[in-house]
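Thanks for coming, everyone. Please bring up the structure.

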Amino acid sequence: MQRWTDLAQVPADFGPSVVTVGNFDGVHRGHVGVLTRMVADARAVGARSVAVTFTPHPQQVHRPDTAPPLLTGDADRLELLEQTGLDAVLLLTYTLDFAQQTAEEFVRRYLVDGLHARTVVVGRDVRFGRGNAGDLATMVELGERFGFAVEVIEDVAPDPADDDPAALADPLRRRWSSTWVRELLVAGDVRQAARVLGRPHRMRGTVVHGDKRGRDLGFPTANLSQDATGMVPADGVYAGWLRRPAAPAGSPDAVLPAAVSVGTNPTFAGLQRRVEAYVLDRTDLDLYGEEVVLEFVERLRPTLRFDSVDDLVARMHQDVSGVRDVLAGAAG
């Protein structure tokens, strides 16, 4: 998949293309369903499939104080988009100046002149251009003027035949959405969040030095930096995986089972919320300065305050046993 951050990087002879525009936060099952279908349709007519997306999220620019936390950072979003089979992604920097383009200016510059769109795929609630003045009718009118077709996609919801408990238990049959995933993560329900995402929820960050209490207790942990990307789920202890993107392909240390702790370490009167992972049975790893990805499989328990260090260590042994059981089931 080609990755561009500016129109100047798009080859002059690129196209014709089938283009969709969106934020794709989380790249959940709804996104994947639409994108894989779009990729297939583009290939059927000999066109290239392209997603246009933005960084940072427009809401972070227009409403930074109330914008929801992002499910994925740019690195994971691009990696997940690539897995759908797209030919290219145009990742545009979103600023207040960028937002001043009219609907026509945006379409003409990026979709028509830049990507040579034959078809533009949008949802019924599409809004674009200065002040979100452009809507579906605007896109159709611009398509007639500039010579591209507009394909309208409906919201993607769980299939009624799906045996997914998260879908069947929802009386409203809600669509797959980033909002749904955020609600589940706030509740610590990473197992159901994975069903909506189609994969475990992940965070990505650099391993930094912590208080080293875990090492003293026999459970050395890899602490994620405070600027790690990916939404932090509810405080608690989770079964998960620690992935090392820089590890050689096929390395036995590339994907490691881990007990992941999210919280403030109340037993030690901690104040800063942290995400840290203990790789099961490993005290030999030196991960400082390395970028890692944590995947959350299941929440074992909420964060607790223990009356003594001995009580904490005893519970940590129980947690590790619980993690083994969960991951053994997940692998099976």
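What volume does the second largest pocket have? About 160 Å³. Keep in mind that this is a predicted model.

Who lines the second largest pocket? Met 203, Leu 224, Ser 225, Gln 226, Ala 228, Gly 230, Val 232, Arg 273, Arg 274 and Val 275. Sort that lining by class. You get five nonpolar, three polar and two charged residues.

Now the largest pocket. Its volume is about 1400 Å³. The lining takes in 45 residues.

Which elements give two or more residues to the lining of the largest pocket? There are two strands to find, E2 (17-21) and E5 (117-123). Then come the helices H1 (29-44), H2 (58-62) and H7 (178-186). H1 gives the most, with four residues. By class, the lining of the largest pocket divides into 19 nonpolar, 17 polar and nine charged residues.

Rolling a probe the size of a water molecule over the atoms shows where empty space is left. How many cavities of 30 Å³ or more does a search of the whole structure find? Three.

Take the second largest cavity. It holds about 140 Å³ of space. Its lining has 14 residues. Nearest the centre of this cavity lie Pro 220, Thr 221, Ala 222, Leu 285 and Leu 287. Which strand gives the largest share of the lining? That is E11, residues 274-279, with three residues. By class, the lining of the second largest cavity has nine nonpolar, two polar and three charged residues.

Last stop, strand E7. Find residues 201-208. Is E7 mostly covered or mostly uncovered? Mostly covered, with six of its eight residues buried.

E7 has a partner in strand E12, residues 291-301. Six bridges join E7 and E12, and the two run antiparallel. Look at His 201, which stands opposite Phe 296 in E12.

E7 also pairs with strand E8, residues 222-224. Here there are two bridges, and again the strands run antiparallel. Which residue in E8 is the bridge partner of Val 207? It is Leu 224. We have met Leu 224 already, in the lining of the second largest pocket.

That's my tour. Over to you.

Methods: Residues are numbered from 1 along each chain as its sequence is written. This is a predicted model: local features need pLDDT of at least 70, side-chain atom pairs count only at pLDDT 80 or more; totals for chains, interfaces and linings use all residues. Side-chain values use heavy atoms; hydrogens and water are left out. Buried means under 20% relative accessible area, exposed over 50%, partly exposed in between (1.4 Å probe, protein chains only). Two strands pair if DSSP finds at least two bridges between them. On a 1 Å grid over the protein atoms alone, a cavity is a set of points where a 1.4 Å probe fits but cannot get out, and a pocket is an open set with protein on both sides within 12 Å along at least five of seven lines; lining residues have an atom within 4 Å of a point. Grid points are joined across faces, edges and corners, and a volume is the space filled by probe spheres set on the points. Ala, Val, Leu, Ile, Met, Phe, Trp, Tyr, Cys and Pro count as nonpolar, Asp, Glu, Lys and Arg as charged, and the others, Gly among them, as polar.
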